[in-house]
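Colleague: Could you talk me through this one before I start on my own notes? I'd like the conventions spelled out as we go.

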Amino acid sequence: MPIHNSDISGILRKVADLLDIEGANQFRVRSYREAAQNIDNLSGDVSTMVAEGQELTAIPGIGSSMAEKIREIVDTGTLGQLEEITSRIPESLTDLLRLEGLGPERVGDLYRQLGIETLEALEYAVEDHRIRELEGFGAKTEEKIGHELERIGEQDIRTMYSEAEEYTEPLMEYLKGCEGVGKIAVAGSYRRRKETVGDIDILATCDNIQSVMELFVRYEDVDEVLAHGETKSSVRLRSGLQVDLRAVAEKSYGAALAYFTGSQRHNIRLRERAQERNLKINEYGVFPEGEEHPVGGKEEEEVYASVGLPYIHPELREDRGEIEAAEDDNLPGLITLNDLRGDLQMHTTASDGTASVREMAEAARALGHEYIAITDHSQRVTVAGGLDADELAEEIDRIDEINESFDGFRILKAVEVDILKDGRLDLEDDILQRLDLRVCCIHYHQDLDEEVQTTRVLRAMENPYFNILGHPTGRELGRRGEMALDMERIMDRALEYGCFLELNSTPRRLDLNDIYCKMAKERGVKIAISTDAHSTGELQHIRYGINQARRGWLEPDDVVNTRPADELLRLLHRD
DNA sequence: GCCGTTTTCGGCCCGACTGTTTTCAGTCG
């Protein structure tokens, strides 16, 4: 069985959590967590590195000891050290860490004093009021644990970005209109445009803090006020989304924005650099060692400048090499919405869309696109009304006709053709060759094992009419994980054959994810950013794709649909 | 456990809040 980076980081995190619960040295625990994170951020497979005899210690945060453990995981699929620890304390204790307010020490206490090993046992202990008897715990803590147990039982606690946007944008409009509000911005993972967000952090400078806080907690969409203090208020909206509003001083605005935007790991790197320069960075500003007066903090740029770096866009702040790139003056010129000239996947009433070809075209043109590709489903996808060869031929004729009526806008004749179980495409070459573009996708048999699934895709790519691998990993946030695929092999073959990978902008898909986008870029594989719109309104989803692309370091040149139509068609042609 | 043009030993980001205490540990972002 192939070992993936996520398998390795998962084991290292487990070791970290368990050591933490056992009370091991904090810095030792941290080193496991950092190693895990750095492995997740890699653009290549660790198992490949091991196979090729590359030095794992080249990965930041991995020394000789950690490298040895990783090799053991790659070779055996497991880690002797983990088994040794789990012979001392139960592995299930790490489940308890998921509860907010329960950290490693308290989980350790619960286990040692009450023998609690599982979430279920914890629930019984809460019901029997056994928690409040423990030293260091109390009635309030017990109640909170009870609430947390209910909450994580109910749902995935992170919210999709698009959903958070739905609630955050109107709230921001409201706050901007409030008397006394000066500068205001959303920070946190929302500002980093992460695909899911935990809660929303809003920062504001205010003339009259008290009245602004008052207006905030009285916002019509507020369901519950969780905290209502002088500088920070916290509410839960009807949607369940938690929103914090923090009042900050004008002179600290930039420092606070940097601080609350994160990510935490990015911040740690900044503060380490500050230390090296005898400076201290916190949410109030940049301070020379031992001094009370800041040398910067009003603007975010000052924080970066103080540690010798240019401004770094929020989407990059994940400690995935952006600090080093900034240091070398080598930050990517991130793609923006304006760079895109067209949209390369969408559906019409011919299959499972809700608008006609012409309606989609006119809506796309109104958004400023120069071209679109109409990609209705192929016959195999019966639930979506997939087209057979004759139906697709009719659509081709219809598009030719409509194109006659356009000047300066072009509809590309295309299809979303199913990749069958054996790797063949769902339509014959004679109809595929009449199209400008083919997006190839897996819809059925998503659970094959890695070797079979990878071979299936590679085989499909051998077809000379294969242009773009659509929603490549098949994942859907909160619903379905990625298919088992060797993405390195797929990307290498895509480069060799002149195929491209899609970044599907559907909010629940956002497939490829940020890390795969960066990996494709580093390997020279170009990306197509598409909406997969099923209605005219969904054409606007393209901005979510752009968010993800920016998180994946993509520049205009890395994306095929930044090209004019003629150039794009030349690029698509395989020979 | 990692790391190093002041270090191969002695450091390892920083502050706020909460609940439990009576000066602080644990947790969080």
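Modeller: Let me start with a definition: Ala, Val, Leu, Ile, Met, Phe, Trp, Tyr, Cys and Pro count as nonpolar, Asp, Glu, Lys and Arg as charged, and the others, Gly among them, as polar. By that scheme, the surface near DNA strand B is made up of 14 nonpolar, 14 polar and eleven charged residues, where a residue is near a strand if one of its heavy atoms lies within 4 Å of it. This is a predicted model, in which local features need pLDDT of at least 70 and side-chain atom pairs count only at pLDDT 80 or more, while totals for chains, interfaces and linings use all residues. Residues are numbered from 1 along each chain as its sequence is written, chains are lettered from A and ligands numbered from 1 in the order in which they are written, and side-chain values use heavy atoms, with hydrogens and water left out.

Colleague: Which side chains come up against a phosphate oxygen of DNA strand B?

Modeller: Glu-272 has a side-chain N or O atom 3.0 Å from a phosphate oxygen of DNA strand B, and for Gln-275 the corresponding distance is 3.4 Å. The side chain of Ser-31 also places a polar atom 2.7 Å from a sugar or linking oxygen of DNA strand B. The elements giving two or more residues to this surface are α2 (26–40), α4 (64–76), α7 (104–114), α9 (139–154), α14 (264–276) and β8 (279–282); helices (H or I, at least four residues) and strands (E, at least two) are DSSP runs, numbered from the N terminus.

Colleague: Stay with α14 for a second, what span should its 13 residues have?

Modeller: The expected span of a helix is 1.5 Å times one less than its number of residues, so α14 should span 18 Å, and its end C-alpha atoms are 19 Å apart, which agrees.

Colleague: And which of its residues are buried?

Modeller: In α14 the buried residues are Arg-265, His-266, Asn-267, Leu-270, Arg-273 and Ala-274, with buried meaning under 20% relative accessible area, exposed over 50% and partly exposed in between (1.4 Å probe, protein chains only). Their cover includes α2, α13 (253–261), β8, α15 (300–306) and α16 (322–327), contact being heavy atoms within 4.5 Å. Just after the helix, Asn-278 takes a positive phi of about 55°.

Colleague: Where are the cis peptide bonds?

Modeller: One joins Gly-262 and Ser-263, with omega about -5°, and Ser-263 sits in the loop between α13 and α14. Another joins Asp-511 and Leu-512, with omega about 15°, and Leu-512 is placed in the loop between β15 (500–504) and α22 (514–523).

Colleague: What about Leu-510, buried or exposed?

Modeller: Leu-510 is buried, with a relative accessible area of 4%. This residue, in the loop between β15 and α22, has a positive phi of about 40° although it is not a glycine. His-471 also has a positive phi, of about 20°, without being a glycine, and is buried as well, at 3%; its loop runs between β14 (468–469) and α21 (487–497).

Colleague: Switching topic, how is chain A divided?

Modeller: Chain A has domain 1 (5–155), domain 2 (159–247), domain 3 (252–327) and domain 4 (337–572), with bounds that come from an automatic or database domain assignment. The centres of domain 1 and domain 4, taken over C-alpha atoms, are separated by 39 Å, and their contact takes seven residues from each of the two.

Colleague: Last one, how many residues of α23 are buried?

Modeller: Nine of the ten residues of helix α23 (residues 542–551) are buried, so the helix is mostly covered. Among them are Ile-542, Tyr-544, Asn-547 and Arg-551, and the buried residues pack against α10 (161–176), β10 (342–343), β15, α22 and β16 (527–530). Trp-553, which follows α23, has a positive phi near 70°.

How values were computed
Polar contact = N/O pair within 3.5 Å; in protein donor to acceptor, adjacent residues only side chain to side chain.
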